[in-house]
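Dear colleague,

Please find below the structure that I am handing over to you, together with its sequence. My notes on what was found in it follow directly after.

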Amino acid sequence: MPLGPAEAQDVPPEVLRQREVKWLDMLSNWDKWMVKRHKKVRLRCQKGIPPSLRGRAWLYLSGGKVKREQNRGKFEELDSQAGDPKELDVIEKDLHRQFPFHEMFVSRGGHGQQDLFRVLKAYTLYRPEEGYCQAQAPIAAVLLMHMPAEDAFWGLVQICEKYLPGYYSAGLEAIQLDGEILYALTRRVSPLVYRHLEKHKMEPILYMTEWFMCAFSRTLPWASVLRVWDMFLCDGVKIIFRVGLVLLKCMLGTREKLKACQGQYETMELLRAIEPRYMQEGFLVREVLEVPVSERDVEREHHVQLKRWRKNRGELHCKSPPRMHGARAIMASEPPSRQDLRQNPTIIVESPLPPPQPTPQLKKGEKSKEEKSKKKGSMKKAPTVMEIPNPYPLAGDPQRDPQLPLRDPMPTLRNSTVQQPLVNDTPLPNTPEDSPPPHQPTLNDQSLLTVSPLQKSTQSLSSIEADQDTYL
């Protein structure tokens, strides 16, 4: 299996700026893009959402923006309530375990942990029948790294109810059902891996629970997590299935690798320590896009496994809402209004200028003060401009008569004290009068034609993201 480069190539600044402009246009006309040019939206999600717009794009893709607008004040209402003491005790114990090396969550009681507590507590009040599940904490933490607490709450609601319904309910029936779906898809995509797992009686629930319930946020390197989430929130759970299939195939897809896995324990240890080269951003994204698994394949297999479940175990105890496969399906199920999609400014700066004074009403034939002053000013003579010769004549300028004395162009400033400009609170040194003049740039200078603001820029205005891997 061919591997990509050891590290993903950084996106050039000029390309990043172009993508930001395109995404700003899409977010300003989101409904039209989703209806008429959804394939283009998917392609841009596959390329990677610009870091500066990732939080806003995730909120639009998941439908959290519409949900928030349709439930204004709901988060504040939930946030003000006390909550169930049993649920709150479990949440508090989990706060320090979420991305402990990220600057938002590194300090106990810091703003990151406080917001995480608020979001998780609000969800237990929003869905008391479901309560709190530990796998929700890393999902909420990833969202909080890119958006405010209220937006992260509605993003969590959408993921729990639309993308992964039933995953966090008691009994974990939905995740077990998806494990059987993954097992069946493995048989079609990689028969060698399927036979090995079947031989050693490797139940999918043993190795894929954390993968799916945390959307790989605690498995992959941080750069890969972001790229997977970009595609996941656009196209739905099929991306999670594809990532799982890629990891299984990479780790168990050859006979040489299977020789080192002579039993269930060895296989589990191998899947718990996936080689970094298979999780590298560029390689993983390419492999995920090549896996032949669609929404139709997932739904067909879901129907088969659900029928088998009912035959062997009876009806599901937890009735989950139907799963939505991506942003377009979510938008079609709950069509938003233009007001719901409107981008509200997060920072409003009041103008320091005084409000304009009302124009006084004039009688017929009466002229305003401005017109009178303009008429008076037009009668005055224009002041004469004193001609000052150039002290540094260029070639081709008319020659000055050497018999005439050179007039001082700044006679009043020669004998006065001039305050030096400051740079970093340090006065600039005085320039000697006999020193040559500074170079004046001309149109012939190549430097002015080659240097652009994009070449001077090194990075985009991005959300708070850690440089190092933040997965556990």
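Which residues of the largest nonpolar core touch the most other members? Please bear in mind throughout that this is a predicted model. The core in question holds 113 residues, and those touching the most other members are Trp-30, Phe-153, Tyr-207 and Trp-229. Helix H15, which covers residues 238–252, provides the largest share of this core, with 11 residues. As general background, nonpolar side chains tend to be buried together in soluble globular proteins.

Setting aside residues up to four places away in sequence, Trp-229 touches Trp-58, Ile-139, Val-142, Leu-143, Ile-159, Cys-214, Ala-215 and Ser-217. Trp-30, for its part, counts as buried because its relative accessibility is 2%, under the 20% limit.

Aromatic pairs

The count of aromatic pairs in the model comes to 16. One of them joins Trp-30 and Tyr-60 in an edge-to-face arrangement, with 5.7 Å from centre to centre and 75° between the planes. Trp-30 belongs to helix H2 and Tyr-60 to helix H4, so this pair ties together parts that are 30 residues apart in sequence. Tyr-60 is also buried, at a relative accessible area of 5%.

Elsewhere, one aromatic cluster is made up of Tyr-207, Trp-211, Phe-212, Phe-216 and Phe-241. Tyr-207 was named above among the core residues that touch the most other members.

Cavities

Searching the whole structure gives 2 cavities of 30 Å³ or more. The largest cavity contains about 120 Å³ of space. It is lined by 16 residues, of which Tyr-60, Gly-63, Val-66, Ile-330 and Met-331 are the closest to its centre. At least two lining residues are supplied by each of helix H2 (30–36), helix H4 (54–62), helix H5 (64–70) and helix H21 (327–333). By class, this lining consists of 11 nonpolar, 2 polar and 3 charged residues.

The second largest cavity holds about 40 Å³ of space. Its lining is formed by Trp-58, Leu-59, Ser-62, Leu-143, Met-147, Gly-155, Ile-159 and Leu-233. Among these, Trp-58, Leu-143 and Ile-159 are also residues that Trp-229 touches. H4 gives the largest share of the lining, 3 residues, and both H4 and helix H10 (149–163) supply at least two. The lining divides into 6 nonpolar and 2 polar residues, with no charged ones.

Two glycines in loops

Is Gly-236 buried or exposed? With 0% relative accessibility, Gly-236 counts as buried. Its place is in the loop between helix H14 (222–235) and H15.

Gly-253 sits in the loop between H15 and helix H16 (255–259). Its relative accessible area is 25%, and Gly-253 is accordingly partly exposed. Leu-192, Val-193 and Leu-248 are in contact with Gly-253 when neighbours within four places in sequence are left aside. From C-alpha to C-alpha, Gly-253 and His-196 are 9.6 Å apart in space, and they are 57 residues apart in sequence.

Helix H19

Why can helix H19 (residues 281–290) be described as largely enclosed by the rest of the structure? The reason is that 7 of its 10 residues are buried. They are Glu-281, Gly-282, Phe-283, Leu-284, Val-285, Glu-287 and Val-288. The buried residues of H19 pack against helix H3 (38–47), H14, H15 and helix H18 (276–279).

With kind regards

Notes. Residues numbered from 1 in each chain as written. Predicted model: local features only at pLDDT ≥ 70, side-chain atom pairs only at ≥ 80, totals over all residues. Heavy atoms only, no water. Core = buried A, V, L, I, M, F, W, Y, C linked by side-chain atoms within 4.5 Å. Buried < 20%, exposed > 50% of the residue type's maximum accessible area, 1.4 Å probe, protein only. Helix = DSSP H or I, 4+ residues; strand = E, 2+ residues; numbered from the N terminus. Contact = heavy atoms within 4.5 Å. 1 Å grid on protein atoms, 1.4 Å probe; cavity = no way out; pocket = protein on both sides within 12 Å on 5 of 7 lines; lining within 4 Å. Points joined across faces, edges and corners; volume = space filled by probe spheres on them. Nonpolar A, V, L, I, M, F, W, Y, C, P; charged D, E, K, R; others polar. Phe/Tyr/Trp six-rings, centres within 6.5 Å; stacked < 30°, edge-to-face > 60°.
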